[in-house]
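Trainee: Could you take me through this structure slowly, one question at a time?

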Amino acid sequence: MSGIQDRLAALSPEQRALLERRLKQQGIAAPDTASGAKPGRGQAAAEAAFVPKRRRSEAAMDFSLFFFSGDGSTTDRHKYGLLMECAAFADRHRFKAVWTPERHFEEFGGLYPNPSVLSAALAAVTERVELRAGSVVLPLHHPVRFVEEWSVVDNLSDGRVSVAFATGWHPADFILAPMQDPDYYVRRKEELFKSVEQVRALWSGEEVPFTDASGTVHRIKTLPRPIQSELNLWIATNGNEETYRQAAEIGAGILTGILGNGFAELEGKIERYREALLRHGYDPQTKKVAVMLHTCLGENDEAVRAKVERPLKEYLKTFLSQQRQILADYDGMTDADFEAIVSRAFDKYYRESSLLGTPDKCVKLVETLRDIGVGEIACLIDFGVDRETVMESLVWLSELQRKFAYDKELIP
């Protein structure tokens, strides 16, 4: 590890801050360059000693299925078979929701360019489970077109639509944006919250003014009318404190991850989010924080680890490879350096930040998240594990769900 520690130590403060921020987005802590200590030992000890400020043993925890990383380059004619089969299972076993993302122009996640299209398909094979976008990159969409599409899905599903919005961060994605103003990408967060206001107004049936190419203003009322009078909104965030505050201001739920900051920091953000909800007139009990976790359960911990290690490491390599340009000012990382970071990241995921292993191993993590105020775990299941293993895992996950359900009799 000394080679990668030397290279990381040689980064400029700006480069290191950027790398650490992107690593934290994936729940990965950068190796310690300040001492010869084993990387992550201090944080691991702190997490092991973490005690939530309160116990919420009476609270339930919802479980949902989260899709994010399906390979868009596959030539398999049944490439959406896992999604459809898992959604049907979630519907039968009373999981809370199925999330599908918006991803563009990369093999990793390329199965999911449009969550409204996929949710329309899922509406036809499910009856109870919520159909959620996780997430729509709202700055890439005209608010009118968004409401038209999702109103169709709301009708097809008899009112089961819910949507998480994200700002987006890949500049190339913004070739799809309704405006090609060079500054549009820079102000994408501002545009997101502006569009949320328009989406809400259109969804509720209001006429909203929009200007056409000739400069004429039209007052638009969208069709078809949705089943739900109000769209249930979430905001996706990688942990930005200001985003939590803005989500509370509009009464939206939070979709996030454990990230690299640990339980104590997440607990503090959730507390401040709930305080902000109250200040803006919303009942915190009606708004949830959902945390995404990689998920694969089984009867034997070592057997699960053996099945998930290769695909999860490949998942992490795909992300980390995109960050190598940060290190371009000096000789790049060796393959051994890269493998060392990936191996460490996998170990951290497996120990601390995932539902990987036996249900008994995972109970403590679920209890901790429940105690710090998380109301739902979004179980990411499509990270490369074979279909048979995923479906077997869902049976174990259903048992774990039962332990944290309000009414255990409702879980088949």
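Trainee: How far is the sulfur of cysteine 362 from the closest cysteine sulfur?
Mentor: This is a predicted model, in which local features need pLDDT of at least 70 and side-chain atom pairs count only at pLDDT 80 or more, while totals for chains, interfaces and linings use all residues. Residues are numbered from 1 along each chain as its sequence is written, and side-chain values use heavy atoms, with hydrogens and water left out. A disulfide is a pair of cysteine sulfur atoms within 2.5 Å, and the closest sulfur, in cysteine 379, is too far for a bond because the distance is 9.3 Å.

Trainee: How many disulfides does a search of the whole structure find?
Mentor: Cysteine 379 is in no disulfide, its nearest cysteine sulfur being that of cysteine 362. The search of the whole structure gives a total of zero.

Trainee: Is cysteine 362 buried or exposed?
Mentor: Buried means under 20% relative accessible area, exposed over 50%, and partly exposed in between, with a 1.4 Å probe and protein chains only. Because its relative accessibility is 1%, cysteine 362 counts as buried.

Trainee: Which residues of helix 5 are buried, and where do they lie around the helix axis?
Mentor: Helices are DSSP runs of H or I with at least four residues, and strands are runs of E with at least two, numbered from the N terminus. In helix 5 (residues 115–123), the buried residues are Pro115, Ser116, Leu118, Ser119, Leu122 and Ala123. The arc is that of the directions from the helix axis to the C-beta atoms, and these residues fall within 160° of it, so they line one face of the helix.
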